[in-house]
Amino acid sequence: MIEILQSIIPTALFYSAPLIFTALGGVFSERSGVVNIGLEGLMVMGAFVGIVFNLAFADVLGAWTPWISIIIAIIIGALFSIIHAVASVSFRANQVVSGVAINFLALGIGVFLTKQWYGKGQTDMVSEPFYTTNIPLLSDIPIIGPMFFKSMYLTSYLAIILAFIAWYILYKTPFGLRLRAVGEHPMAADTNGISVYKMRYIAVIISGGLGGLGGSVFALTIASNFSQSTIVGQGFMALAAVIFGKWHPLGAMGAALFFGFAQSLSVVSASIPFLADVPQVFLLIAPYVLTILALAGFIGRADAPRANGEPYIKGTR
Amino acid sequence: MKNRKFITMFVLILSLGTLLAACGSDDKGSDSDNKDGDTEDFTAAMVTDIGGVDDKSFNQSSWEGLQEWGKEHGYSKGEGIDYAQSNDKADYMPNLNRLIREDYNLIFGIGFELKEDLEKVAGQYDDKHFAIVDDEIDAPNVASIMFKEHEGSFLVGVAAAMKTETNKVGFVGGIDSPLINKFESGFIAGVKSVNPDIEVEVEYAESFGAPDKGKIIASNMYSNGADVIYHSSGGTGNGVFNQAKDLKQNDPDRDIWVIGVDRDQYDEGQIGDDNVTLTSMIKRVDVAVEDVSNQAMDGDFPGGELLEFGLKDDAIGFATTNEEAITEEIIDTVNEWEEKILDGDIDVPQTRDETKEFVDSL
């Protein structure tokens with residue numbers, strides 16, 4: 001059993017990391033009242049930028065390349081999400097339509113530029129991706145060491161730490177309170193002197209940065225190159241994690257970890273006695289079924305922020 | 001009311017996005033009037049599947065074959081040969097129809113995804129020649145091009161068996177289907193022929209585009225003691241390479257190998273000064289495309305036939321680029337087995353049942 005956990009947990013963690021980042025982005029955006037279907041597109045953008053930057057600067061930056069690549073991906077992701085913010089906050093466009101547009105646009109730009117710059121449908125493999133490391137000292141602890149600290153991507157830890165930071169910001173700081181207020185009852189927030197537009201802009205831009213981070217981490221830890229099929233559905237998985245996690249940063253993290261766990265379990269299950277007889281497909285669909293159940297209210301109540309998806313028009317009631 | 005304007009705007013952005021995606025490869029099309037049927041020459045064209053003509057895989061290979069054929073007969077792109085890029089499944093039909101309108105004599109559909117559409121079109125235009133790669137269509141004007149992937153997989157299986165030190169190897173498949181089962185069967189047969197005691201772990205990702213799944217599977221196989229993994233899973237295989245390279249990076253002395261598929265995947269395996277690509281099972285779609293085009297041009301188009309290209313047509317092979325990994329000894333042994341297949345001494349299995357029989361008879 002311990003051996004099985006030792007092989008499941010590390011894989012579940014690296015699988016989940018990009019989902020956690022992106023889902024946190026989704027939490028920020030949706031908590032402020034802006035539905036963000038565009039997470040997928042933001043991940044595509046992040047993956048594209050991360051890979052292109054890595055390919056271009058690997059010779060100059062050496063071992064630091066992947067870290068700087070993800071920072072650049074965060075910046076570009078944040079900038080890219082401004083389109084969504086302008087459309088859905090300032091222009092009060094339908095947020096779902098705008099999000100879908102982001103998805104199309106990101107994939108279009110990514111594939112188009114890849115063909116322009118590299119003359120083919122996919123980039124080369126990057127030479128400086130993230131590599132797993134053993135954490136000194138901690139990895140020597142028996143049982144727990146190999147589970148949590150051996151051959152791990154540092155980005156997995158970063159994802160978990162960031163989830164706690166996000167929770168602290170959203171629930172323990174005045175900024176977080178304002179952000180949530182704007183998503184629950186924008187008019188009340190407005191009368192209290194909070195700029196609804198400003199808060200929503202900030203939230204969407206944060207979600208863009210985190211989406212870009214998620215995409216670049218996926219690309220640099222798992223795919224190693226960029227093509228039209230690098231990001232297929234991970235953004236929507238992250239969105240499902242947001243909902244399954246009840247719009248809470250730690251919940252979203254838990255959901256993403258659970259998705260990773262289920263995915264990893266479906267591969268390892270053949271060697272686990274009591275799971276060997278369960279058809280793989282059931283483990284594979286488990287995350288989605290649970291998300292639907294969560295939405296349908298079977299697993300506690302999953303209430304969206306009250307003003308989620310509604311553009312705020314100053315002065316209306 | 002104001003809302004509507006912006007929705008319109010977004011529809012515009014949306015279509016712009018799609019357009020950008022579409023025109024990445026688009027420098028064809030418009031000049032279709034350069035062949036108004038004034039030539040009696042035999043011309044050929046192809047429709048790619050969604051991988052695109054530069055997929056570094058079978059679409060690209062097919063186009064190279066067509067170009068090679070064109071060169072022989074003094075054609076160039078748009079003049080006697082052409083391709084139509086499909087970016088989406090919905091593009092197959094319009095692309096086929098466009099090439100028919102442009103009066104190409106022979107039209108290839110690359111990949112089994114085009115089967116349905118090609119079947120329909122072939123029924124409507126029975127004066128045209130068609131060919132489908134990787135699938136079978138039963139119509140008098142369609143030639144079906146298949147490959148004996150099991151033969152190539154057998155050879156890389158032999159190489160894997162020679163290379164493994166742990167006596168355990170892995171196979172990662174894309175989607176569990178008759179086509180990929182051929183790879184699996186050939187591989188297992190090859191491994192077991194060298195040493196029946198070697199264990200082969202088989203796992204399917206159920207997707208050709210899930211590197212994350214590929215990585216999880218590879219990670220699991222390598223930690224279970226496998227040291228050579230043969231992947232036949234398209235983009236999913238990227239995850240296999242990624243995992244192998246990660247292990248190599250952390251422990252350069254560890255011997256860990258990946259076997260590529262369809263084309264030489266040497267570049268994918270490069271990490272620093274090392275390379276984890278042992279060899280690749282190479283499928284020469286270009287050879288097949290060229291061959292069928294020539295046959296059709298000479299007037300004996302193999303319509304209604306199922307053509308199987310294999311080792312003897314030089315359409316299947318294995319890569320020897322990584323000289324440090326695939327030693328002379330391995331190459332010699334693989335060549336010996338290749339001879340046996342060519343001489344008909346071995347009938348390489350294509351399905352799981354046949355594999356079982358084959359292995360039992362060893």
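This is a predicted model: local features need pLDDT of at least 70, side-chain atom pairs count only at pLDDT 80 or more; totals for chains, interfaces and linings use all residues.
The C-alpha trace of chain A extends over about 60 × 50 × 40 Å along its principal axes. Of the 317 residues in chain A, 55% are buried. When contacts in chain A between residues at least 6 apart in sequence are considered, 77% of them join residues that are at least 24 apart.

The contact between the two chains involves 38 residues from chain A and 36 residues from chain B. On the side of chain B that touches chain A, the elements giving two or more residues are the helices α1 (2-23), α7 (211-223) and α8 (237-250), and the largest share, 10 residues, is supplied by α1(B). By class, this side of chain B comprises 16 polar residues, together with 10 nonpolar and 10 charged ones.

Within chain B, the domain assignment gives domain 1, consisting of residues 40-147 + 286-310, and domain 2, consisting of residues 149-283 + 327-360. The centres of these two domains of chain B, taken over C-alpha atoms, are separated by 30 Å. Seven residues of domain 1 of chain B are in contact with six residues of domain 2 of chain B, and the domain 1 side of this contact is made up of three polar, two nonpolar and two charged residues.

A further feature of chain B is the strand β13(B), which covers residues 277-283. Seven of the seven residues of β13(B) are buried, and the strand is therefore largely enclosed by the rest of the structure. This strand pairs in the parallel sense with β10(B) (residues 257-262), over five bridges, and within β13(B) it is Ile282(B) that stands opposite Asp262(B). Strand β13(B) also pairs with β15(B) (residues 316-318), here in the antiparallel sense and over three bridges, with Ile316(B) in β15(B) as the bridge partner of Lys283(B).

Note on methods: Residues are numbered from 1 along each chain as its sequence is written. Chains are lettered from A and ligands numbered from 1 in the order in which they are written. Domain bounds come from an automatic or database domain assignment. Ala, Val, Leu, Ile, Met, Phe, Trp, Tyr, Cys and Pro count as nonpolar, Asp, Glu, Lys and Arg as charged, and the others, Gly among them, as polar. Helices (H or I, at least four residues) and strands (E, at least two) are DSSP runs, numbered from the N terminus. A residue is buried if 20 or more other C-beta atoms lie within 10 Å of its own, exposed if 12 or fewer, and partly exposed in between; C-beta atoms are placed from the backbone. Two strands pair if DSSP finds at least two bridges between them.
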